[in-house]
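Visitor: I am new to this structure and would be grateful for a guided discussion. May we begin once it is in view?

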Amino acid sequence: MANVLVTGAAGFIGSHLAQACLEQDHRVLGVDCFTSYYEPEIKRSNIRHMQDRPGWEFREADLANADLAELLDGIEIVFHLAAQPGVRASWGQTFGAYVDSNVTALQRLLEASRAVGLERFVFASSSSVYGDAERFPTTEDTPLQPISPYGATKALGEHLCRLYHRSHALPTVMLRYFTVYGPRQRPDMAFNKLITAALRHEEIVIYGDGGQTRDFTFVRDAVQGTIAAAVDGHPGAVYNLGGGARTSMNEVLEMIADLTECKLNIRRVAAQAGDARDTAADTSRARTQLSFSPSRTLYDGLREQVEWHRRRTPLVAGPSAVRRLGAGRIPEAV
Ligand SMILES: NC(=O)c1ccc[n+]([C@@H]2O[C@H](COP(=O)([O-])OP(=O)(O)OC[C@H]3O[C@@H](n4cnc5c(N)ncnc54)[C@H](O)[C@@H]3O)[C@@H](O)[C@H]2O)c1
């Protein structure tokens, strides 16, 4: 049993991580400032079911200016997931939010952690640091060539973690998540948008020709790898966490049509600047050192996400369409 800090605890992955830590009997302090990047009420609902659980404590605080010494008091493991996500939104005037949350907040947390004697500081990085990678599957020592401002802030975050490890012996471990999906997925992410549109019989917009591929990672697998990194991750090391299969967006569309039993109304528009054409993780290092082993096929993981959407989407489509009660309400978290 350990005292763990989960930053970004009300977010998509952070809320699953906090829940998994509680299930393993750790004491969890969750921190989040409910940024308005997407509906804060969705984030509040992500953690509502944990509020009475023994071992759970939550503070609303912005890590870019909060009193971090107080938050870190007694903490043994930091899982730093708080960030401003989103590749496309990172261009233009909104970049300041990326610097505040992905660079300044991280640097403050690393600096404050020096005084604490942590067992591990686990940092959520991203496959976006690779940009259009030179090789697939991509190993961790591939040169970092981000093609979006978001990816650049994550690459800088990794450099900061490495610096604090080398210069101050902080036991930082970096994880490169590859497109995570599953229940509670962020509403700006592709699967959430596609499934929602399918169930509501709305138009689905696809960027590019649909031939772009991703290594999709089920959220509970990402969480399992994250917890393992806090125990077995080598300080100073970086690990890819990917689902293990490369799938095109067109194949995903077929799966979603099958699982939702809906005919998709697709409109194709030009690919967006900052989107990598393909991603594929070489997870050999995580498999060897973290016993990382993805538990689901993409189809089975998508089935869980579709079921979650059905529970929360007011209009459910399909041959036996059912009109659900509670249209517009924010649903319960799973
Ligand atoms: N979802 C993915 O596919 C994916 C892929 C690669 C990397 N990541 C990384 O994983 C982490 C979690 O991503 P997610 O998809 O769950 O995103 P999310 O937006 O759902 O969660 C991030 C949370 O951090 C909080 N936050 C942001 N800035 C903060 C600050 N300054 N102080 C306190 N809280 C703050 C937000 O309110 C949000 O609840 C992020 O670091 C993200 O960059 C995610």
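Predicted model: local features only at pLDDT ≥ 70, side-chain atom pairs only at ≥ 80, totals over all residues.

Visitor: What is the value of phi at D25?
Guide: D25 is a residue other than glycine, and its phi is positive. The value of phi for D25 is near 70 degrees.

Visitor: How is F34 classed, and why?
Guide: F34 is found in the loop between β2 and α2. Its phi is positive, near 50 degrees, in a residue other than glycine. A residue is buried at 20 or more neighbours, exposed at 12 or fewer, and partly exposed in between. Because F34 has 15 C-beta neighbours inside 10 Å, it counts as partly exposed.

Visitor: Does C21 count as buried or exposed, and why?
Guide: C21 lies in helix α1. Leaving aside its neighbours within four places in sequence, C21 is in contact with V4, V6, H26, V28 and I227. As C21 has 25 C-beta neighbours inside 10 Å, it counts as buried.

Visitor: How far apart in space are C21 and N3?
Guide: In sequence, C21 and N3 are 18 residues apart. From C-alpha to C-alpha, their separation in space is 9.8 Å.

Visitor: Which element gives the most residues to the shell around the ligand?
Guide: The ligand is surrounded by 29 residues, the closest being G8, G11, F12, A83 and S126. The elements that give two or more residues to this shell are α1, β2, α4 and β5. By class, the shell has 16 nonpolar, nine polar and four charged residues. With three residues, the element that gives the most is α1.

Visitor: Where is P137, and what is the form of the peptide bond from F136 to P137?
Guide: P137 has its place in the loop between β5 and α5. The peptide bond from F136 to P137 has omega near -10 degrees, and its form is cis.

Visitor: What span should helix α8 have, and what is the distance between its end C-alpha atoms?
Guide: Helix α8 has twelve residues, 249-260. At 1.5 Å a residue, they should span 16 Å. The end C-alpha atoms agree with this, as they are 16 Å apart.

Visitor: How are the buried residues of α8 arranged, and against which elements do they pack?
Guide: The buried residues of α8 are V252, I256, L259 and T260. Seen down the axis of α8, they fall within an arc of 85 degrees, so they line one face of the helix. These buried residues pack against α6, β12 and α10.

Visitor: Which residue follows α8, and what is its phi?
Guide: The residue that follows α8 is E261. Its phi is positive, with a value near 55 degrees.

Notes: Residues numbered from 1 in each chain as written. Near = placed C-beta within 6 Å. Helix = DSSP H or I, 4+ residues; strand = E, 2+ residues; numbered from the N terminus. Nonpolar A, V, L, I, M, F, W, Y, C, P; charged D, E, K, R; others polar. Expected span 1.5 Å × (residues − 1). Arc of directions from axis to C-beta. Contact = placed C-beta atoms within 7 Å.
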